[in-house]
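Hi,

Here is the structure I promised to pass on. Have a look at it first, and then read my notes below.

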Amino acid sequence: MANQKKEFGKIYDKYIEKIYRFVFVKVNSEDIAQDLCSETFLKGWEAYKTQKIDNPQAFLYRIARNLVIDYYREKGRTKVISAEYTSIADPRAGFEEKIALDSDLDQIKVALAKLNEDYQNVVVLRYLEDLPIPEIAKAMDKTEDATRVTLHRALKALKNEINKTA
Amino acid sequence: MLTEKQLISKIKDLRQIKPSQNWVSFTKSQILGVDEKKSFVPFWNYGFSSFRLKFAMVSVLFIMVMLGGCGIIERSLPGDLLYTARKIVHKAQTVLLPEQEKPAYQLKLANDRLNDLAKAPAKNLAPTISEFQANISEATRDLARIDATTSDPVIMKRIVDAAKKLNESKQKMEDLGMVIGEKETIELNYAFKELADYSIKDLESRTLTDGKKEILLKMKELFGEGKYSETLEFYLLNQ
């Protein structure tokens with residue numbers, strides 16, 4: 001058990017920031033991102049104690065993705081895209097003041113928020129988290145070919161969204 | 001016009017989003033019971049002796065056992081202060097259950113909430129309905145992870161029985177003019193439909209004896225009538 005804890009502790013340290021970012025980009029709230037992220041690792045730990053997890057990264061992303069889906073489904077929430085909602089708040093206090101985020105960055109946040117869930121996932125996992133295609137495919141329960149196609153379409157959709165607002 | 005390279009570079013800028021280190025350490029200690037970075041100091045380190053802590057914990061446990069023993073926790077309804085304790089017990093039981101047994105348990109909880117509704121005073125109605133809906137949603141989610149053709153028939157039977165009991169209780173409520181959790185029930189029904197459909201396809205993919213062919217026909221008939229849990233029941237009875 002102590003060994004398992006140590007191993008999962010390493011997994012936690014390695015992926016906590018990635019999973020947090022993945023969830024945060026989708027829910028736009030520090031509190032909710034923290035809740036869903038904690039639940040992701042709690043479920044991950046429960047599973048880790050009882051079964052062999054070959055690919056912890058894909059496993060954790062899958063849990064996080066399902067929790068975000070459940071969050072929107074259970075609460076009957078729909079993503080409303082409005083000028084005040086689309087901007088992704090940064091969790092760190094005074095972040096906006098400390099780091100001057102340029103308008104281009106805001107633009108990308110708004111555009112990303114307008115994509116469907118699959119497109120968001122594939123863009124975030126590929127370019128924000130640098131995951132290789134086979135890993136993304138596992139996390140999204142897709143084939144590698146389907147993942148490549150989704151990524152291609154997602155980038156195109158993202159570009160279109162940005163051009164619309166430019 | 002933005003090039004693909006520029007676009008990707010802008011996406012990468014979102015890496016500036018990071019969780020606070022205090023929260024990261026605290027959450028780790030909560031999940032794993034370790035506190036490697038020592039950024040979170042437990043309250044008992046501030047002059048709360050080990051003996052007092054143990055005494056306090058034993059006292060809390062004693063009170064919970066007493067309340068549980070008197071059935072006070074079990075009788076508490078959503079919206080009551082003690083219901084939080086009842087919910088914690090339910091959560092703990094859910095975590096301990098094997099994956100395949102979770103749907104039946106959630107359906108049982110949903111059924112309990114329906115029974116609670118009958119005796120709930122006005123202030124407890126809304127929280128009880130909301131709990132009922134949450135249990136149904138959980139059951140639906142757990143059902144989606146199950147494959148009727150490879151699962152233990154005994155467990156599947158328990159799920160079907162729990163669903164039937166729930167339908168009966170729900171029907172009783174509806175007879176009294178109370179329609180609740182429509183959306184969640186439709187989703188649950190859809191989960192059963194998927195399972196039933198899969199079990200029909202499973203039989204269709206096999207070479208069947210005449211007896212099994214009749215079973216398949218009966219299952220299709222029930223399926224056509226929208227009786228999905230009955231379809232599944234028929235499939236299990238004849239496995």
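Let's start with Asp130(A), which counts as partly exposed because its relative accessibility is 43% (buried means under 20% relative accessible area, exposed over 50%, partly exposed in between, with a 1.4 Å probe and protein chains only). Asp130(A) sits in the loop between helix H6 (117–128) and helix H7 (133–140) of chain A; helices here are DSSP runs of H or I with at least four residues, numbered from the N terminus. Its phi is near 55°, a positive value in a residue other than glycine. Most residues other than glycine have a negative phi. Asp141(A) also has a phi near 55°, and its place is the loop between H7 and helix H8 (144–165) of chain A. Asp141(A) counts as exposed because its relative accessibility is 54%.

Some background: this is a predicted model, where local features need pLDDT of at least 70 and side-chain atom pairs count only at pLDDT 80 or more, while totals for chains, interfaces and linings use all residues. Residues are numbered from 1 along each chain as its sequence is written, chains are lettered from A and ligands numbered from 1 in the order in which they are written, and side-chain values use heavy atoms, with hydrogens and water left out.

Now for the place where the two chains pack. Helix H2 (residues 30–50) of chain A meets helix H2 (residues 21–32) of chain B at an angle of about 35°, with the axes 10 Å apart. (Axes are lines fitted to C-alpha atoms, for helices over the stretch in contact, and angles run from 0 to 180 degrees between N-to-C directions.) Residues making the contact (heavy atoms within 4.5 Å) include Phe41(A) and Trp45(A) from H2(A), and Trp23(B) and Ile31(B) from H2(B).

Trp45(A) also forms a stacked aromatic pair with Tyr48(A), at 6.4 Å centre to centre and 25° between the planes. (Rings of Phe, Tyr and Trp, using its six-membered ring, pair if their centres lie within 6.5 Å; planes under 30 degrees apart count as stacked, over 60 as edge-to-face and the rest as tilted.) Both residues are buried, and they lie three residues apart in helix H2 of chain A.

What does Phe41(A) touch, leaving out residues up to four places away in sequence? Its contacts include Phe8(A), Tyr12(A), Leu60(A) and, from the other chain, Ile31(B).

Cheers

Methods
Helix = DSSP H or I, 4+ residues; strand = E, 2+ residues; numbered from the N terminus.
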